[in-house]
Each structure stands twice: as C-alpha cells, then as structure tokens.
Amino acid sequence: MKQPVGQSFYVRGSLALLLVTFVAGCGSPEERAQSYYESGMALIEKKDDLEARKELLKAVKYKSDKVEVWRALAGIDERTKATSLFLDLRRIVELDPNDLNARLKLARIMVGGGAAEAALRVVDAANEGDKPNAELHALRSIILLRTNDNAGAIREAQRAYEIDPANVDAISVLASKKVADGELDGALKLLDSIPADSKDDTRLALQKIDVYARKKDLPKAEELLRKLIVQNPQEATYRAQLLQFLIAQRKFPEAEKEFRARAEASPTDSKLGMDLVRFLSATKGADAARAELEARIKAGGDDFDYQIALVELNHQQNRTADAVQALQKLADTVAAPDRKLAAQVKLAEIHLSKGEKAAAEPLIAEILAKDRRNGGALRLRAAMSIDKGQFDSAISDLREALNDQPKSVELLSLLAVAYERSGKGELADRQYADALKSSNSNPDVVLRYVAFLQRKGDAARAEEILMEAANRNSNNLQIWSSLGQVRLSRQNWSGALAIADALGRVDQARVVADQIRAAALAGQNKIEESIAALESAHKAAPDAPQPALALASAYVKQGKPDKASALLQTISNKFPANAQLLVFLGQAKLAEKKNDEALQSFRKAVEQQPREPAGYTALSEFYVQSKDYDAAEKVLKTGLAELPGNVAFRLALAGLQIQRGNNDAAIAQYEAIVQDQPNSMVAVNNLVSLLLDNRSDKPSLDRAVELSEKLKGSKVPQFQDTWGWAQYKRGDFKGAVATLETAVVAMPNLAAAHYHLGMSYAAAGQTEKAAEQFKTAFSLEPDGTPLKENIRSAMK
C-alpha cells in the first residue's frame, strides 16, 4: 500500500533531524567543555555573569580539570561576592600550584575565616618565582599575627615594605608595631605615606583615627571620622565612635545633636531613643532624662521601653510608689503577653530591692506558672534562693535560664555567685570567666571577677585579668586604679609606682595616683616621700574625705596623731554626718590617748549613720580593748538589728566569745554563720581552728577535717596554717609539713604556726627541725597562754 506523500516527507524529515542531532551530540568531552567555556566567556563579555556561570558549570561537568574554566568561575564569584569563590580558588590551586594570585586570594579567605594555621600552609607552599612578591610577604605577616608570632609578622612586613614601600598591608602592620612601642608620630608618618586613592582607604582611615585618639588629638580624630561617615553614611559604628569622641571632648551640645539625629532617623527604634535618654541623664541630670521620656511617651506609638525606663528612673529617685503604680498599670493594659510578663518581672525586682520578699514571691510564682522558662523570673527566684542558702535550687534555676540565654552576663555572674557561696570555687571561677568573655571585657564584669580572685587569694591572676582589661579599656581609670591596688597587695612597689605615674598624667586621676604612689613609697619605707604624696593628693582635693583619711592615717603611723586629729576635725566640720570621718577622728584621738573624746566620736558615728557598719565596728572594738565585753556585745547586736545580714558583726560576736573564753559559744556561732554563708572563709577557718584545738571527740574532728578541705589550696597564710594543722590531725604528716613550711615563711612571727610545724616535724620523725620550731614558737608566744603551755610540753 502506498503511503501518502505528506507522511513520507514527514518521516524523512524526522530522520534527517535525528541525524543532525546525533552528529551534534557526538563531540568529545573536551570539545563540549570548550564549547560551553567559549559560550560562557562570550556571555561574560556581555556582562551577563548569571548565564555565563551556568555555561561554565556545564563545561566543568564535562571536564573538571580545565583550569581556565575555574578561573572564569572565580572571576564571576568574586564580582558577585558568592561564597563558592573559596571552592573555585581551592580547585585552581590544586590544578595549578604555581598560580600565586589564586593562592594568595585563597589564603586571605582562610585567614579571614579564622583558619590561620591552614592559611599559613597554603602561603608557605607558594612559589615566589624569580621576582620577590610584596603581597606574599605582607599576607604571611598578617597570618603570623593571627598565630601570635609577632616577631615573624614584623619580619615579613618589613620584607614586604622593602619590596614595595606602598604595600598597604605591610605599612599597616609596621604602623601597628610603632603604636605598640609608643611611636605614634612614626606610625602616622608611615600611614600618611600611602596614596590617598588606596582601595583600603577606610581601613587606613580607621587606623589613623586610632593613632590620633591615642595622641589625645581628638579634634583631628573627629575630623577624619566625620569624613568617613560622609563616605559611609549607613555605617552605624562610625557614628557611635564619633559620639565617643564628642563626649570625651565634652562637646555635649554637638553630641546631643548627634544622638537626636540618630533617634529621629529611626523613630521606631527605641534603642536609639534610650541612648539619647541615657546621655541626657549623664550630662544634664535626671530631670532632663525624665522630660525626654515623658515627651516620647506623650508622642504615642510604641512607648513600652520608655515606660519601663521611666519606672526605673522613679525607682532610682525613691519614687517607688509611682514606679509600682505604673508597672501595675502596664501589666494590666499591655496587649502582648511577653511585655505583660516583662512588666511583672520588673515589679518583682522592685519589691525585692525594697526587701519586700512577701510581695515578690507570689508574683514570681505567677510569672513562672505562665512561662516556666521565663529568664527574668528564674533569675529573681535564684537570687532569693541564694539569700536563703538554697544554692542547689538557685543553680538549677540559673542553668534553666541559661539554656535560652547562654551568653547572658547577668545570669552567668549570678551563677558564679551561687557556686562561690556554695563553696565550689573552681566552678565559680569558670562562670566568672565566661561572664567576662560574654561581656567583651566590660569593666564592671572585670572588677567583679577580680574581686572574686582576690577573695580566693589569687592576686597574680587578678593582675593578669586587669592588665588585659587595661589594654582593652585604656581610658578606664577604675581598671587602672584597681591594677595599682592589686600590685600594692602583691608588694610590687615599682609596678604600683608605674601605675601611679600613668594615672598622674590624667587630670581626673591625680588624687588616686598620689594615693597609690604614697602606698608604694610607704612599702619601700620612704615615709617622708609617702606623706608628701598624700599631702599632694589632699591639696588637689581639699574637700574630698578619702585623701584626707589616707593622710591622717599616715600622720598617725608617723607618730603625729595631733596633726591627724586637726586635719580630720576640719574635714568633719564640713561633713558632720560622715561616719567614716568620725571613726577616723576617734582613732586619731585614741592615738593621742584621749579616750573619752574617741568614745564620743565613735558614738556620734553610729548616731549620724545608723546603717553604716564602720561606727558599730569602731565602738565595739573600743569596748573590747577596754575589756567591757558586755558593752561590745550590746553594740554589735544593735548593729545587727539595723543590718541583719552583716556577716562581719556575726563574726565579731563569735570572736567576742573567744575573748571571754567561751569557746563552745563561739563554735556554735561560727557553725550558724557557716550554715548561712558556706563560703565565708574566715568563719570556716576559725571554726576549724576551734574544733581542732578544743574538741577531741570523733564527730567534731571529722567535722573539722571536712570543713578544712575548703581551705586547701588557699594562698592566705592563716588559712594555710589551719589546713596544715588539719592535715596533721588526720595523720597526713608529710602533707602537713609541706603546707606549714609555706605558712611559716609568710608568718614568721606567729607562734602557733611554728608550733604546728614543730608538731608535724616531730610526727614525721624530724626531731631536730621540730626542736628548732618549738624554740622559735616558745620565744614568740607570751606567758600565761594555753598555747605557751602546749609548746612547753612539746619541748620536754
């Protein structure tokens, strides 16, 4: 049967088309890869990177080792800032190890991502060729800096600079070295040598700004920063830095204008509005901050943050009733559940700050019933648990809160307190360190950590933390002052003098500088120079109590109590209600042997400031010295009625029982303190010492040994002595000797330490050493004491 003509044509046409397709698809992989590559390059010429990339990826599919394709892909990814650039460059380096340009770009990406060691291996494998390459050496310099090889970094930067004096990276590294060496003008000269049209103009400008700020040339730093802001108007960090410069120069009107401009540019961003409020509070006072808050609340819109800020301001100004009323209204009217809870948390905080636990507890329970993971409520409940000594509950709540806010400085710090108070020093240390890291070395967090380390007796670590913080916060006077105090505590007199010299160059810190200098000079027995420094501090701030107190104390030590009394009387007349001044005046009167006037001054200190501990302490000590123990006890109990949480008063009451010879009563009081404050090392030490020396029953000795573990590792000599004596009592004579030898070196004039070491030597079979220690102890201990009799018995 004949086919229709049209059908025959269709079949033949289809066959022809298939043949053409088959022929076209028969090229080799190399040919097809080349075809797609050429197509991609043509599209790049037309600036169509998206379609070009598709073609180039097809080329790679057919021939993955075609290096020119990967270079073309890298070019596209670099222009479009695609993350796949890293993979492109890595493949190029694999295919062509001598491609220095690709190798350097790859290494830059790696070091930028934190893989400095890997980047160094990539760079070290580079073939520099016959011609030295400045970029290679400069990049190696940057990488070595990241690996803390500063000497190597400087060497490589210097080599890069020799090859190309205009290399930006090399100049930047060398300029940083000059800054570190204090050669600020030299650093600026280097930075100014870079052409103005450098592609790294922003980075260099920031480096110059930093140098001018270090030179205290804030106007020039401000000028450069303003230019940078014009070039980068959307960069918020530059505007924040400008505000810092304006405030440092006390250009408050200009700073306020900048704060207002930022807030007006983003009217819905309450954070910027609150920055303005805080600035006004710091520079114009609370009334200005209140007016701004009220104006923003009146303007309407989302005013929740401003309402909360006004509540906090009312609370700070003792307008608690207004604060509570506003929070209750907020909690009742706000629509968002999370904000309602936030208002309730703030209300509970205020109740707790006023000691109103009965009002806070049900509120916290209500919040947690609605949101069992509410961080604010868990934090408050934990704080209450810590006050009750329920440390396990507090730790559990804080861990729960940290699950949602793992980097919360407030939660980490409170957890550190819970661990410390429960006697878990190592865990507390870890939490303080984590809080410091999360806060980016915030000065307040630094000082909390340092205080903890000092309580532990680890002054060396405290100094290390302060040094690092001082480098990060070079203008923070409190950090530098604390560093000076720590060096004084370590008897590093020259180091403390260096801090005093540095602080003395800052007008606001001259008084503190003179006080640190005076203490360091006194430590070197340069008494006249020390007093001259204190007189300078007093002269610089004649109406400030603290310099006067320090000077008066020095006069007393010098044997000139009359000069101390005259000085303190003058200052006290200006501040008649200052309890500390009255206490010092009383002590000066004691030194003059004017006991009646001293007693009158101490009593007046208590009357003027009944919630200031210094008056009670001085008055009770006066009665103890007079052996009027009943009067001393009455004063301390009055102080506890005013300040029921004062551990120092409780410790003094326990010590008073020892003075009376009532060791059982003292043990009972120390036990009560340890129950409430397990981490009160003084209470622990004294309790252990009393139990070891006055009890022989097994439960008491077991209790003493158990508690003494808290003293293990302490650097406080008295605690070392007690720990060593506990080791002796439990039969660890070798350990006791090692501990007590250290204690005796630190306390050569303490008879008890020598006696304890002598007993340990005797038990360890070292009779000659024991006899030597007993002899020393006997010569130090006054006659008529139980210890003297014990020493005499041991010598027989």
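Biologist: Is E162 buried or exposed?

Modeller: Exposed means over 50% relative accessible area. In this predicted model, E162 has a relative accessible area of 51%, so E162 is exposed. R159 has 34%, so R159 counts as partly exposed.

Biologist: What do the side chains of E162 and R159 do?

Modeller: They meet in a salt bridge, at 3.9 Å from N to O. The two residues are 3 apart in helix α9 (residues 150-163), so about one helical turn separates E162 and R159.

Biologist: How many salt bridges does a search of the whole structure find?

Modeller: The search finds 69. One of them joins R226 and E222, at 3.0 Å from N to O. Both residues lie in helix α13 (residues 218-231), 4 residues apart, about one turn of the helix. Buried means under 20% relative accessible area. E222, at 6%, is therefore buried, whereas R226, at 30%, is partly exposed.

Biologist: Where do D275 and R278 lie?

Modeller: Both are in helix α16 (residues 270-283), 3 residues apart, about one turn of the helix. D275 is buried at 16% relative accessibility, and R278 is partly exposed at 47%. Salt bridges can also share partners: E222, R226, R239, K251, E254 and E258 are joined into one network that way.

Biologist: Let's turn to the rings. How many aromatic pairs does the structure hold?

Modeller: It holds 13 aromatic pairs. Take W725 and Y755: their ring centres are 5.8 Å apart and their planes are at 50°, so this pair is tilted. W725 sits in helix α42 (residues 717-729) and Y755 in helix α44 (residues 751-763), so the pair ties together parts that are 30 residues apart in sequence. Both W725 and Y755 are buried.

Biologist: Which parts does the pair of Y755 and F774 tie together?

Modeller: Y755 is in helix α44 and F774 in helix α45 (residues 767-780), so the pair links parts 19 residues apart in sequence. Their ring centres are 6.2 Å apart with planes at 45°, so this pair is tilted. F774 is buried, with a relative accessible area of 5%. Ring pairs link W725, Y728, F733, Y755 and F774 into a cluster.

Biologist: Which residue lies over the face of F778?

Modeller: K788 does, at 4.0 Å from the ring centre. Likewise, K66 lies over the face of Y37, at 5.9 Å from the ring centre.

Terms used
Residues are numbered from 1 along each chain as its sequence is written. This is a predicted model: local features need pLDDT of at least 70, side-chain atom pairs count only at pLDDT 80 or more; totals for chains, interfaces and linings use all residues. Side-chain values use heavy atoms; hydrogens and water are left out. Rings of Phe, Tyr and Trp (its six-membered ring) pair if their centres lie within 6.5 Å; planes under 30 degrees apart count as stacked, over 60 as edge-to-face and the rest as tilted. Buried means under 20% relative accessible area, exposed over 50%, partly exposed in between (1.4 Å probe, protein chains only). A charge sits over a ring if NZ of Lys or CZ of Arg is within 6 Å of the ring centre and within 35 degrees of the ring normal. A salt bridge is a side-chain nitrogen of Lys or Arg within 4 Å of a carboxyl oxygen of Asp or Glu.
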